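Please walk me through this protein, from its overall fold down to a few single residues.

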Amino acid sequence: MRLSELQNKRIINVHDGSYIGEIIDVNINTSGHIESLVVEKSKFLISRFTTKDEILIKWSNIEKIGEDVILTSI
């Protein structure tokens, strides 16, 4: 799967079904494996008390990659 294919998928929390955001980048380790996804938070999750617009989702937290969404347990 290509990064461009991953970027077209919405990130969904498997526990409550909430929309987390969309992939803007990935972190890759020295052996070439994906360590984490860099996700731009949805406007619903951005807090007035934080300046961070993105979160990291560890690859180990990815539950399922579907046709349109990625389910994660963060």
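This is a predicted model: local features need pLDDT of at least 70, side-chain atom pairs count only at pLDDT 80 or more; totals for chains, interfaces and linings use all residues.

Residues are numbered from 1 along each chain as its sequence is written, and side-chain values use heavy atoms, with hydrogens and water left out.

In sequence order the pattern is α-β-β-β-β-β-β. Of the 74 residues, 26% are buried; buried means under 20% relative accessible area, exposed means over 50%, and partly exposed lies in between (1.4 Å probe, protein chains only). The accessible surface of the protein is about 5,400 Å², and carbon and sulfur atoms hold 48% of it. Such areas come from the Shrake-Rupley method with a 1.4 Å probe, and for residues only the protein chains shown count as cover. Among contacts (heavy atoms within 4.5 Å) with a separation of 6 or more, 32% are between residues 24 or more positions apart.

The six strands form an open sheet with mixed pairing, in the order β4-β3-β2-β1-β6-β5. Strands β4 (54-58) and β5 (62-65) are at the edges, and each has a single partner strand, so one side of each is left without a neighbour in the sheet. From one strand to the next, the twist averages 40°. Axes for such angles are lines fitted to C-alpha atoms, for helices over the stretch in contact, and the angles run from 0 to 180 degrees between N-to-C directions. Two strands count as paired if DSSP finds at least two bridges between them. Strands β1 and β2 run antiparallel and are joined by three bridges.

Asparagine 13 belongs to strand β1 (residues 10-13). Is asparagine 13 buried or exposed? Asparagine 13 counts as buried because its relative accessible area is 10%. Its side chain reaches the backbone nitrogen of histidine 15 at 2.8 Å. Beyond neighbours within four places in sequence, asparagine 13 is in contact with Ser18, Ile20, Thr72 and Ile74.

The C-alpha atom of asparagine 13 is 9.6 Å from that of isoleucine 62, although the two residues are 49 residues apart along the chain. Isoleucine 62 lies in strand β5, and its relative accessible area of 15% makes it buried. Residues up to four places away in sequence aside, isoleucine 62 touches Leu37, Ile57, Ile70, Leu71 and Thr72.

Serine 36 is part of strand β3 (residues 34-41). With a relative accessibility of 7%, serine 36 is buried. Which residues does serine 36 touch, not counting those up to four places away in sequence? They are Val26, Asn27, Leu56, Ile57, Lys58 and Trp59.

Isoleucine 28 is found in strand β2 (residues 19-28). Isoleucine 28 is classed as exposed because its relative accessibility is 52%. Neighbours within four places in sequence aside, isoleucine 28 is in contact with His33, Ile34 and Glu35.

Methods: Helices (H or I, at least four residues) and strands (E, at least two) are DSSP runs, numbered from the N terminus. A polar contact is a pair of N or O atoms within 3.5 Å; within protein, one must be able to donate a hydrogen and the other to accept it, and residues adjacent in sequence count only if both atoms are side-chain atoms.
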